[in-house]
Amino acid sequence: MLALREAAGAALLLQLARLLIVDSARRASLPPVTAVGLLCYSFAAAAAALGALPPASAATLEPSALAASPARLLASLLLYRSLAGLGCHLWLWLAACERLEPALGSRRLLVVLLLCTGGAAALAAATVPPVQRRYASSLAPATLFALLQLWAQSSPESTVTLVSVRLQTRRLPWALLAAVAILDGVTAALSPLLGIGAAAIYHALVGLPHNAVLPPPPPPTPSLRRQVAGEGDTTTEHASGAAAAAG
């Protein structure tokens, strides 16, 4: 089962690389935060594979270890424990950022993501028992699910396609959270839940611009188009493996 999930994660990464290589117009149109995020997560994974960064293991993510090592703190922000988690993260990052960044602006989106990531860490410190805190120290899933929650709150009635099932965007973070809990266990869903909570707190205290208009999803590359019933968001369709996003 684990080998199958890793193979699916590798396939997601290869498909994303193919999309960005084949579709030069899509690649050139990526907003700054979207593009830099894709590069940072990808380079961090490569650095971990080469031994330049510690892996995102339970020992690495102990809160005391994070405080003592900048490299481990960076690993907690950027690394996943599996290729499946990384592949799903990058597809969902692309799907959400391409909608939110043009509406909010690159600077505001970056500030919001930093605040939500810091907010998730603060929620973990305030609400999670010390013995469970290492499960909440992987902040990459928290950042992703905060982004998905902001997307859901900014356009709650729009729809996305997930594993050939259409659902409203406002249900997307919770559907993925349930899938993470089922596939990886309740502890794996802790970091995503904190990200959702941090985004909800930000939205309640600050909110999103009332005049923000989210752009439609970019058209898929014809050679990469997948045939699904009805009209769906192809970028999110490729992210249908996101049930393992917090792996």
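1. A nonpolar surface patch of about 220 Å² is formed by L73, L74 and L77, where a patch consists of residues with over 30% relative accessible area and no salt bridge, like charges being joined within 9 Å and nonpolar side chains (Val, Leu, Ile, Met, Phe, Trp, Tyr) within 5 Å. A salt bridge here is a side-chain nitrogen of Lys or Arg within 4 Å of a carboxyl oxygen of Asp or Glu, and accessible areas follow the Shrake-Rupley method with a 1.4 Å probe, for residues with only the protein chains shown as cover. L74 lies in helix α5 (residues 70-78) and is partly exposed at a relative accessible area of 37%, given that buried means under 20%, exposed over 50%, and partly exposed in between (1.4 Å probe, protein chains only).

2. This is a predicted model, in which local features need pLDDT of at least 70, side-chain atom pairs count only at pLDDT 80 or more, and totals for chains, interfaces and linings use all residues. Residues are numbered from 1 along each chain as its sequence is written, and side-chain values use heavy atoms, with hydrogens and water left out.

3. The count of aromatic pairs comes to 1, with ring centres of Phe, Tyr and Trp (its six-membered ring) required to lie within 6.5 Å, and planes under 30 degrees apart called stacked, over 60 edge-to-face and the rest tilted. Y41 and W93 form an edge-to-face pair, 5.5 Å centre to centre with 70 degrees between the planes. The pair links helix α3 (residues 32-49), which holds Y41, to helix α6 (residues 83-104), which holds W93, across 52 residues. Y41 is buried at 5% relative accessibility, and W93 is buried at 4%.

4. Of the 247 residues of the protein chain, 47% count as buried.

Definitions and conventions
Helices (H or I, at least four residues) and strands (E, at least two) are DSSP runs, numbered from the N terminus.
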